Amino acid sequence: HQEIVRVALGGRSYDIVIGAGLLQKAGEHIARIAPGASCAIVTDENVARLHLPTVELSLKEAGLRSTTIVVPPGEASKSLAVYGRVCDEALAAKIERRDLIIALGGGVVGDLAGFVAASLRRGSRFVQIPTTLLSQVDSSVGGKTGINSSHGKNLIGAFHQPALVLADVDVLQTLPLREFRAGYAEVVKYGLIGDKRFFEWLEADAEAVFNSRSEQICAIAVSCETKATIVARDETEQGDRALLNLGHTFGHALERLTNYDSIRLVHGEGVAIGMVCAARFSARLGFCTPAVAERVERHLAGVGLPTRIRDIPDWSADAQAILDAMYQDKKVERGALTFILMRGIGEAFIAKSIAADEVLKFLEDE
Ligand code: NAD
Ligand code: ZN
């Protein structure tokens, strides 16, 4: 089966097609929205080895010309240097505005290729073929693109919506389990934010989501719909979109303190620990019962995700260092700390002006 989630933003809309066998049909789908276009496929070395030939063949069969730009895997490719090289190669391949940049890969490739598309010839068309669970449920929805600066993550970027997203669950078969779990943390996040029934479905069926394509299609569709609804209400993050940061204020601080070293902590793992922190902090402040926090932790630990700061290998930073790292997050306004807290499962809310010493005391006890 196949699901289509329509994302409507600022008068424009695009489809996220979620299903199996979509890589083989990529050419067909793309030819429908951009007949005769030339395509520049941006991908990383890992994904190129596993999935590029299928996409290249499919484009060829649909009568689309394509050129391929391969970058090294990993966060380091979200750099000005790699961005410059991808732009130059796309221009050398004579990619025009009506042509297409295709991102084939995880969030790194999506963010990088998306930013290339946003800026190349002042804005070119863009198709996402996300290949990690995280990119299928998160980075391919909402139009944020960008690269990192020496001053921090995602500091150079643009909002640029894709023309089409193809989320093929078949590619998840080759994804390392650790990466799948990390993406799963973001899936759980959507349940915790505002959909108790979805969380309960995950609790009952997590194993199926890890193993069955049709359950994956459902979980991805619900996740994309939830994100699309929140983003449509608040495209540029003035209000409600902050709910999507559940677990991220803590999580980003932990990522920063592990120097974004993916051997110690990947983003979704930071989010898993961060969501447990948010739930435990909510209980401590009396917004929910301790049982709610225990339930969140039980589910995440049950699928093999880390849930506590002490689960991070070689952890040594103290509470003050974590608080300082939170203040460096671009999403944290000076002075008052804003947290996404929980009144219950599926009842997240934005809590403004949380006192720093409350946070510090909480972290000291963690
Ligand atoms: P990633 O792109 O680095 O992919 C993780 C690893 O999996 C890489 O080594 C990659 O080569 C490999 N891989 C990808 N697909 C594979 C497959 N099908 N089979 C085997 N290996 C595969 O990481 P990610 O977790 O997808 O994305 C993280 C990035 O996404 C971060 O840079 C983050 O800032 C960004 N992000 C952006 C948004 C947004 O809204 N734009 C949202 C969330 C995250
Ligand atoms: Zn995230």
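**View 1. The largest nonpolar core of the predicted model, with 114 residues**. Within this core, the residues with the most contacts are Val-42, Ile-101, Ile-102, Leu-112, Val-116, Leu-192 and Ala-278. Both domain 1 (3-174) and domain 2 (177-365) contribute residues to the core, which therefore lies between them. In soluble globular proteins, nonpolar side chains tend to be buried together.

**View 2. Contacts of the core residue Ala-278**. When neighbours within four places in sequence are left aside, Ala-278 is in contact with Leu-246, Gly-247 and Phe-250, and also with Phe-339, Ile-340, Leu-341 and Met-342.

**View 3. The shell of 28 residues around ligand 1**. Those that come nearest to the ligand are Asn-46, Gly-106, Gly-107, Thr-132 and Ser-139. At least two residues of the shell are supplied by each of helix H2 (45-61), helix H4 (107-119) and helix H5 (133-139). Sorted by class, the shell comprises 13 polar, eight nonpolar and seven charged residues.

**View 4. Asn-154, a residue with positive phi in a strand**. Although Asn-154 is not a glycine, its phi is positive, at about 55°, and its place is in strand S8 (residues 152-159). Asn-154 counts as partly exposed because it has 15 C-beta neighbours inside 10 Å, a count between the limits of 12 or fewer for exposed residues and 20 or more for buried ones.

**View 5. Asn-259, a residue with positive phi in a loop**. The loop that holds Asn-259 runs between helix H9 (248-257) and helix H10 (267-284), and the phi of Asn-259, a residue other than glycine, is near 55°. With 8 other C-beta atoms within 10 Å, Asn-259 is exposed.

Methods: Residues numbered from 1 in each chain as written. Chains lettered and ligands numbered in written order. Predicted model: local features only at pLDDT ≥ 70, side-chain atom pairs only at ≥ 80, totals over all residues. Near = placed C-beta within 6 Å. Helix = DSSP H or I, 4+ residues; strand = E, 2+ residues; numbered from the N terminus. Nonpolar A, V, L, I, M, F, W, Y, C, P; charged D, E, K, R; others polar. Core = buried A, V, L, I, M, F, W, Y, C linked by C-beta atoms within 7 Å. Domains from an automatic or database assignment. Contact = placed C-beta atoms within 7 Å.
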